[in-house]
Amino acid sequence: MKGILSLLLLAIVIMPLHSSNVIIEVSKAYPTTEFGKCKIKMHCLKDAFDYCNKYKGEKEIEIVLKDVVNIIDATLTLKSTKVPITIKAKKGVSKITSGNIITDNVSQRGDTLIFPLESQCWKAIVNGTNVPATTFSTDEPMKQLQGVKKIDDNHYTAKLSSNEILKLEIGCDLFLYARWQCYKLQLTDIDSKTNSVSLTTMGKKAMYALDEGVRYAIYNSRHVMQPGTFCWRDGKVYYLKKKDEDVSKIGFSIPTVATLMHIRECKNVIFKNISFENAILDNWYFQEIQGSALSSKAVHVEYSSNINFINCDFHNNMGYSLAIGNHSSNCTISRCCFTELQGGGIILGMEGGDKTNGIIIDDNLIQGFGRINVCCEGILSQRAHHVTITNNTINDGYYTGINLGWTWGYGESFAYNNYVSNNHIHHLMQGVLDDGGGIYTLGVQNGTVIENNYIHDIYAYKDMVCLIYLDEGTSEITVRNNVCFSSKRGISVSYGNNNFIEGNVIGIVDNWGIRLSYPKKVKNIVFRGNKIFDSSGIDIDNGIPEDSKDSNIVVSEISLPKRRFEIPFLYKEKLLAKKFRYGCVSRRLKNVEKVDDF
């Protein structure tokens, strides 16, 4: 009897050890892999991922990052894992970033530091902080490129003022902004007598809408450098130090990796308190397509399910920071912060007709995006269905906040049953691009609902901007109870079927509150119970056509007098009680709980 009791007692003691997770602790302080009784110690994150990819056991794996900064020199790949995996910081937040530390061959010429770098450089980190390489700024009017003429799809000529010509160098770049696009062109010739230049595109498509006005910013010219900026010229990086910066204490790091992490054919992976930073672009031009949808992705998830990002940061990345696509499902992005992005925030259901679904994007902050690639968006959901986008704050970008759908017109669409609610979307476009808005949709979207969002201060370069923009063929969608104001235009419906626009509060717009375009292409549109301030109300192109008796365009609006104070009042009454909780733990954003003020 005593023998049996001893065996039971021994089983109780060793069972927790037998059933516990595999714990991998990662730190550069560990020179080699050490297998201990309770944990495995590894030198780098790549070794830990390789272990997971080859793991044949049944225990769950927990990867703990002990270091604050984890520098990688190639994409980390997690593929076909068989057990649940959690990747988290040991304490606070742990960064995953790329960068070659520059220590040799740094010379000084006046206030400029110079070092050789053969590959083209678009991102530089000085003492741990990103430094810009551009003259682009919304603080001053953007300069117009004059007399743009097309030679062929890849070659153009243009004129600048005599002062602007002096800022250029052969081989520098001009970033051109037209409509919803950002083009990168290289300067190949300068004619100072006529103040004209020759330009070569780096992309694959001809420039669009040249007759509508093209603005530009200058990159990689030493003549436009300001203190604290850099440029890359002829195989060298030039950095102009700040006034009080100590040269002996300046340290350079040049990021080298476009995709920091690739997750493929995996299930049940959780990231907690991880910051993904400083990803570059894999192609040195911006793809001329709406939303720069083909840009590289800092974290790329595909053919996977139940991949979750909780309390994570995405910071200072050039492409889209997080991409989930190619038949991925049931993933969550929650309490994350996307900040100071040269590209975009989140992209779902990318090119290729995939069927991404079941994605939850809840309670995140996307703030300061499109800093270089201005046509990137806060959230771009292309071919994805059953996507929930709720309780997010999206602001300070140069194009659209949330984009749903990727089919122009009434063709087949994989964007349906999506839900967008309780988001605070504000201060977008900012006079840089056109043809976008706070929330933008395309194509047939059966069962999609956009409700209870608070949208304001959306201004484009010209007139083509809307607070909520239901563009070509948007159908089977409900837009209700949104409070939106301060823009050129309110809610636009650019033809579509079976749409319900109900109970929205719209005001402080320059043109109209609600507009319906191409009414002859429309069937079953209902405008009901909308409160419209300070505008011409509801505008239908040329009125409801007499020869379209089957259109069933129902208009029942409530237009109120000019009482602007009621708009913030209505917002506070309906939405201000909602608290946005950003769970990211980086030192950049100390406020975990925040209430958005008007």
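**Notes on charged pairs, a buried lysine and the cores**

1. Let's start with Lys150, which is partly exposed because its relative accessible area is 45%. (Buried means under 20% relative accessible area, exposed means over 50%, and partly exposed is in between, using a 1.4 Å probe and protein chains only.) Asp153 falls in the partly exposed class too, with a relative accessible area of 39%. The side chains of Lys150 and Asp153 form a salt bridge, N to O, of 2.8 Å. (That term means a side-chain nitrogen of Lys or Arg within 4 Å of a carboxyl oxygen of Asp or Glu.)

2. Before you go further, keep in mind that this is a predicted model, where local features need pLDDT of at least 70 and side-chain atom pairs count only at pLDDT 80 or more, while totals for chains, interfaces and linings use all residues. Residues are numbered from 1 along each chain as its sequence is written, and side-chain values use heavy atoms, leaving out hydrogens and water.

3. How many salt bridges does the rule give? The count is 21. In one of them, the side chains of Glu62 and Lys88 meet at 3.5 Å, N to O. Glu62 sits in strand 4 (residues 61-65) and Lys88 in strand 7 (residues 85-89), so this pair ties together parts that are 26 residues apart in sequence. (Strands, E, of at least two residues and helices, H or I, of at least four are DSSP runs, numbered from the N terminus.) Glu62 counts as buried at 18% relative accessibility, whereas Lys88 is partly exposed at 27%.

4. Now look at Asp396 and Arg371, whose closest N and O atoms are 2.5 Å apart in a salt bridge. Asp396 is in the loop between strand 38 (393-395) and strand 39 (402-404), and Arg371 is in the loop between strand 34 (365-367) and strand 35 (379-381), so the pair ties together parts 25 residues apart in sequence. Asp396 is partly exposed, at 22%, but Arg371 counts as buried, at 18%. Elsewhere, a network of salt bridges links Glu169, Arg222, Arg233 and Asp234.

5. Lys123 is worth a click. You'll find Lys123 in the loop between strand 11 (112-116) and strand 12 (124-126). Lys123 is buried yet has no salt bridge, and Glu277, the nearest side chain of opposite charge, is 9.2 Å away. (Lys and Arg count as positive, Asp and Glu as negative; His and the chain ends are left out.) What does the side chain of Lys123 reach at 2.8 Å? That would be the backbone oxygen of Asn316.

6. Arg179 is in the loop between strand 16 (173-178) and strand 17 (181-191). Arg179 counts as buried because its relative accessibility is 17%. Its side chain makes a polar contact with the side chain of Asp435, at 3.3 Å.

7. Finally, the cores. (A nonpolar core is a set of buried Ala, Val, Leu, Ile, Met, Phe, Trp, Tyr and Cys residues joined through side-chain atoms within 4.5 Å.) The largest nonpolar core has 108 residues, and Ile63, Tyr177, Phe271, Phe276 and Phe309 touch the most other members. Apart from that core lies another, of 21 residues, including Ala158 and Leu199.

Technical notes:
Lys, Arg positive; Asp, Glu negative; His and termini not counted. Polar contact = N/O pair within 3.5 Å; in protein donor to acceptor, adjacent residues only side chain to side chain.
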